[in-house]
Amino acid sequence: MIIMDKKDYKKVDDEKLVTMLDDNIRRSIGYFDSAISRERKKVVDYYNAALPRPAHDGNSKYVSMDVYDAVESMKAALLETFSTGYKTVRFAAQTGEDTRIAEVSTAYCDYVANRQNNLFEVMQSVIHDGLIARAGLCKVYWDEREDSYLEPIEDLTEEEFDAIVAQDNVEIEEVTQDELGLYSGDLRISQDVSQVAIEAVAPEEFVIEPQCKSLELASFLGHRTKMTISELREAGYDEKLIAKIGDHDDVEMESDPEVLSRHEEIGSDRGFNAKGYQDQVRSVTVYEIYMDVDLSGDGIAETYKIIKAGNVILEKELCTYKPFCAFVPLPIPHAFFGSNFGSKVLPIQTARTVLTRSILDHAMITNNPRYQVVKGGLTNPRELIDNRVGGIINVSRPDAISPMAQAPLNPFIFQTIQMLDEDKEDTTGVSRLSQGLNKDAISKQNSAAMVEQLATMSQQRQKIIARNFANNFLKPLYQMIYQLVVENEPDAKIVEIAGDFVEVSPAAWGQKRDVTVELHLGYGEQEAEATKYMSLHAIMSADETLSKMYTPENQHKLMTHVMEQNGIKNVKDYLTPPSELPPEQPDQNAEMAMQMQQKQIELQERQTQVAEMKAQMDAQVAQMKVQLEQMKAQQQFALQSDNQDLKEAQLEHKQMVDNAELEIARTADDVRAIASPTG
């Protein structure tokens, strides 16, 4: 092993770099004469029912469409899964405070993918290429664009005119000044409309090193396109470099067998190039190569983006990532290219075509058999050749014409075709049951739940391919969109998302964010998911303990998820967040009823107070009566006592009077006795 000193490394000039690029391009997978390119052309021919060809010109031209059916059925299932309206890709929040940014970034990346770009069309092309060409690819990059338009001005003062012209995006197109010093005319306004661009890459346009394991680990890959000299000038490349571009010995893309096979149905058997018409519209093959190379000679290889046209290097710069996403339906471990889904059905299409042609040919021969004719038995042989219905054939003897013996049709041919149908289902994973083509599935003894379960079981392979698409294509695609938006959109802007105008500030987002993919594939899985959440809503609302924890914010999130599962994108048109609800206005009827109830309560309270006061007064009156009775009794007793005292005093007085009178009487008697002369 020879270890070179770092001093032995040399810088790579453009001439040497062109040689290195051409060598890698010719050895790359995807070049026009590679084995995979020939395989893709064959699959496309089978897809278009151009193969297999009849063995003889007189045989039936029927071609079974097994490759077309398998590819289109799988493509329909995948497109239905990822384009039904609900959000399949979401950015995860990094922290509890990051929830709102995650929601906005998810909605904005959906806006970039589906509104600024046509993601459905890209997915359709990528899925189709993946199923017939082993890998479907798309390119994600920041497309720098500038749009300009004329803005008329009229009667502007010098100060107003200078203020407008001082702006960076304003140029004077045609302006005049009148005798009053007022400006009128047209100004050209330029606007930066740069955005993320997503475009599907045709299989023959993509080149990659042999035996690479993945896009990330590939040391050489690129995208070749056809561009005119005018387009190169518009792209801003140096005019001196463009002038050096001559006729290169590379294959012309218009004559690529894959391109010709794709356009064969419309009758295009050769390409068109404006060479000799005008140099401005002459097309050249331009390679955008991403290659690990040591250009400076310091011993460290770095990833460069190199633009090459012919033998000329138009641009070379260091890059941080490779702008490609790939969908490989049937991956092979430790290899970038997987198995070819369409090629698995080629033998089945060939066998079904041959068998069906034999049935048709046998029916044709049976209805129009070949005849044996006795020599000289026909008066006019043309009468037999014309074979007109009801036509007359003149013969000279009764046995002049007799049909040739025909071998019977093999009775096992229909069983063989049925076996091929089952083989195709096992090979592709696309079942007739999942397509709704099995009439025996829907019967009286088969319940809807049984049919749904069988259909779901028949879709297991479709789900695996769908998960490959979700995890290996959609997730990297959205991560690239997120990264490009963060790096190239520093200014905040207002964007209309789901019927609401939201302020988006990508510069404030994190440099990287986790992506999750929600995948539902099958009969009614979205509806089943929505029903599950509605059942949860009913349980939470009915339970008194749980309803305390089931806040309006929780209810809004749950119902939003239910509506999204049912394919309703503009959720906010029908469901307003609790934080945006206006203050509740009192209902007049409810308010009046409340006032009446309040009045009634007040009346009841007053009646209660009156009753309490009455009871209190009654108690006081009763007490006063008792006291009065007591006073009356006391007074009566005192009066009786006084009467008794009076009577006793009167009696004593009477006794005193009586005693006095008696004493007086005695005294008087004594006096009379004394005075009496007879005394």
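Author: Before we look at a pair of helices, one idea: axes are lines fitted to C-alpha atoms, for helices over the stretch in contact, and angles run from 0 to 180 degrees between N-to-C directions. Please also keep in mind that this is a predicted model.

Reader: Thanks! At what angle do helix 2 and helix 5 pack?

Author: In general, two packed helices are described by the angle between their axes and the distance between the axes. Here, helix 2 (residues 35-47) packs with helix 5 (residues 119-133) at about 110°, and their axes are 9 Å apart. Angles of 65 to 115 degrees count as roughly perpendicular, so helix 2 and helix 5 are roughly perpendicular to each other.

Reader: Which residues in helix 2 and helix 5 meet?

Author: From helix 2 come R40, V43, V44 and Y47, and from helix 5 come H128, I132 and A133.

Reader: How many bridges join strand 3 to strand 5?

Author: There are 9 bridges between strand 3 and strand 5 (residues 183-192), and these two run antiparallel.

Reader: Let's go inside. Which residues touch the most other members of the largest nonpolar core?

Author: The general idea is that in soluble globular proteins, nonpolar side chains tend to be buried together. In this model the largest nonpolar core has 64 residues, and V140, L477 and I481 touch the most other members. Helix 15 (residues 460-488) gives the largest share of this core, 14 residues. Leaving aside neighbours within four places in sequence, L477 is in contact with L119, C138, V140, I198 and C325. Apart from this core lies another, of 16 residues, including A135, F206, L215 and Y290.

Reader: Last one: where is confidence lowest, and where is it highest?

Author: Where pLDDT is low, the predicted coordinates should not be read in detail. The protein averages a pLDDT of 81, and 85% of the residues score at least 70. Confidence is lowest in helix 14 (residues 448-457), at a mean of 46, and highest in strand 12 (residues 324-327), at 96. Over residues 436-455, pLDDT stays under 50, and the model has 15 contacts beyond four places in sequence for them.

Conventions: Residues numbered from 1 in each chain as written. Predicted model: local features only at pLDDT ≥ 70, side-chain atom pairs only at ≥ 80, totals over all residues. Heavy atoms only, no water. Core = buried A, V, L, I, M, F, W, Y, C linked by side-chain atoms within 4.5 Å. Buried < 20%, exposed > 50% of the residue type's maximum accessible area, 1.4 Å probe, protein only. Helix = DSSP H or I, 4+ residues; strand = E, 2+ residues; numbered from the N terminus. Contact = heavy atoms within 4.5 Å. pLDDT = per-residue confidence, 0-100. Pairing = 2+ DSSP bridges. Parallel < 35°, antiparallel > 145°, perpendicular 65-115°, else oblique.
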